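Subject: Structure handover

Hello,

The structure we talked about is below. My notes on it follow.

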Amino acid sequence: MGDALGEGFIRRLFNRWTLFAAMAALVAVVLENNYYLSLLNFIGIHAILVVGLNLLMGYGGQISLGHAAFFGLGAYTSGILTASYGVNPWLALIAGLIVCGIAAFLIGVPALKLHGYYLAMATLGFGIIVYIVLNEALPWTGGPSGLSGIPSLSLGGLKLDTPWRLYFLIWLTVWAILLISANLVDSRTGRALRALHDSEAAARSLGVDTARLKLQVFIWSALYASLAGSLYAHTLNFVAPASFGFMFSIKLVTMVVLGGMASIWGSLLGAAVLTVLPELLAVFHDYETIVFGAILMVVMIFLPRGLVRGILDLRELRKYKREGVR
Amino acid sequence: MLLDLQGISLSFGGVQALDDVSLSVPSGAIKAVIGPNGAGKTTLFNLVSGFLQPQEGRIFFKGEEIQGQPAHVLAARGIGRTFQLVQLFDHMTVLENVMVGCHRRGRAGLLAGALRLPWTFPEEKDIRRWAWEALEFVGLTNRAHHFAAVLPLGLKRLLEIARALAAQPTILLLDEPASGLDAVETERLRDMILALRDQGITILLVEHDMSLTMDVAEEIAVLNYGRLIADGPPRAIQKHPEVIAAYLGTDWQA
């Protein structure tokens, strides 16, 4: 019954997670090419961002158009504290989380009290403000030319300064983030979150404090972005405002939509595809944006629920037809 | 009195949705609110469940004033409801829908759920069991793992009741639970409402199906254009001249 099914689910999940870890480890052993490894590292960093945004967008039904700003806040908090003040990178990472958590709280409290798309508007404004501050606060951020000299992370005396070493840190983090997020979605709070997306009225009628829950998940997704930002700063050892502008926020939203709203594994795919694509399309130079847009349009028209869900839907449909349900 | 409304008024723009309505629901009773479309029945439900606030008047639940409190707080205090237009969580399974119903009986927060802290396991197990029991009550266990969206309307209404029950309400507000149901399903609903009453749950019912209403309700309140025109046992309501006038042309036993 219900319990036997629950156990089966945990077993299946366990296999899926170990398989993913094994695959990631295998990739590291096989790949020696630094270019591919650093590409994978950026996919990992983007994946953390996209999973967080997907929890907010795909599961919670709230849109953030300023996620690049939280990414930037995390990156710059880590960068400034370590490069200019010599703070321990791990402590700086925690400081970034605190800064982003507070920022998300301050934006979320007023914006989420209102219904509709106020959060999208508020985060859009926030993203622009952060972008301007990063450009203008020269003494701290280094302005448009960026902030260099950010030290690498180190783990027990081992400096994580090669793509290969960083790969392990980043993908271990990705693994943990995916696991935590899948847990969340399947927990009491996660169910309430998915419920409010489908019917806020019904969720409230069952005792779900929807305003509080939306705020919580908004802060939670900002924390993911901050974590990704800190990893980014220590991976590149350099940050510049251009990486954290409005276009990157849009790109993150696109990754969520492409991979599939409300799909944890889709987020990983969305991040991978849209990180690799510009690299492949770099040869086209002038046509990059056009090809990019065309691919997006095709996916949105034919697989509106994203790549992963779209393929699952097709399978589901076949199953229904076979079983004669509906 | 479990629920007591005193002099409730509410208008939307120029429309007087409710005009000085007072009515009460005794503990353990089945009370129905009837009236033509637009009489203010759903507005009344929205007021009691905290989705709307009255402009005038006071609402007492278990002897305490509750107007001004938000819906989720009232839900936690024991006011459960269903919706006239079924409001299910379409992208969740039937079982998950009812598990959300158990929300207020659990404690695990975002962090505890994300980290799967050990103490959340027994709670999850309980929630699953409670949800399963509610599904058993309405006879939907064979659909537990289907998505809510694919259920036919009759089963959707049952699922909504199961979900509301999972929250262990003291009073359950049913907003036209029989609309869209066929004769067999309506019969089942009737038995279910009586069974709930026998379990000690107070029922407040809005319903257009007169035979069902007359059958189960111990008291009936009649609203017309936002005014309460009658309140009493079914037999008295059927003979009430104002009620007959308001319903002129409609078939009572339909």
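Which element gives the largest share of the lining of the largest cavity? That share, 3 residues, comes from α5(A). Helices (H or I, at least four residues) and strands (E, at least two) are DSSP runs, numbered from the N terminus.

Before the rest, the conventions. This is a predicted model, in which local features need pLDDT of at least 70, side-chain atom pairs count only at pLDDT 80 or more, and totals for chains, interfaces and linings use all residues. Residues are numbered from 1 along each chain as its sequence is written, chains are lettered from A and ligands numbered from 1 in the order in which they are written, and side-chain values use heavy atoms, with hydrogens and water left out.

Cavities

A cavity is a set of points, on a 1 Å grid over the protein atoms alone, where a 1.4 Å probe fits but cannot get out; lining residues have an atom within 4 Å of a point. Grid points are joined across faces, edges and corners, and a volume is the space filled by probe spheres set on the points. There are 2 cavities of 30 Å³ or more by this rule.

Two or more lining residues come from each of α3 (67-83), α5 (118-136) and α11 (246-259) of chain A. By class, the lining has 7 nonpolar, 4 polar and no charged residues (Ala, Val, Leu, Ile, Met, Phe, Trp, Tyr, Cys and Pro count as nonpolar, Asp, Glu, Lys and Arg as charged, and the others, Gly among them, as polar).

The second largest cavity has a volume of about 30 Å³. Among the residues that line this second cavity are A:Ser205, B:Arg104, B:Ala164 and B:Pro169. Its lining divides into 5 nonpolar, 4 polar and 1 charged.

Aromatic rings

Rings of Phe, Tyr and Trp (its six-membered ring) pair if their centres lie within 6.5 Å; planes under 30 degrees apart count as stacked, over 60 as edge-to-face and the rest as tilted. The count is 18 aromatic pairs over all chains. In one of them, A:Tyr76 and A:Phe244 have ring centres 5.9 Å apart and planes at 70°, so the pair is edge-to-face. A:Tyr76 lies in helix α3 of chain A and A:Phe244 in the loop between β4 (238-239) and α11, so the pair ties together parts 168 residues apart in sequence.

A:Phe244 also forms an edge-to-face pair with A:Tyr232, at 5.8 Å centre to centre and 80° between the planes. A:Tyr232 is in helix α10 (residues 210-236) of chain A, 12 residues from A:Phe244. Buried means under 20% relative accessible area, exposed over 50%, partly exposed in between (1.4 Å probe, protein chains only). A:Phe244 counts as buried at 1%, and A:Tyr232 at 10%.

One aromatic cluster in chain A has among its members A:Trp17, A:Phe20, A:Trp164 and A:Trp265.

Chain B

A charge sits over a ring if NZ of Lys or CZ of Arg is within 6 Å of the ring centre and within 35 degrees of the ring normal. The charged end of B:Arg105 is over the ring of B:Trp130, 3.9 Å from its centre. B:Arg163 lies over the face of B:Phe89, 4.5 Å from the ring centre.

B:Val86 is in the loop between β6 (79-81) and α3 (94-101) of chain B, and is partly exposed at 23% relative accessible area.

Regards

How values were computed. On a 1 Å grid over the protein atoms alone, a cavity is a set of points where a 1.4 Å probe fits but cannot get out, and a pocket is an open set with protein on both sides within 12 Å along at least five of seven lines; lining residues have an atom within 4 Å of a point.
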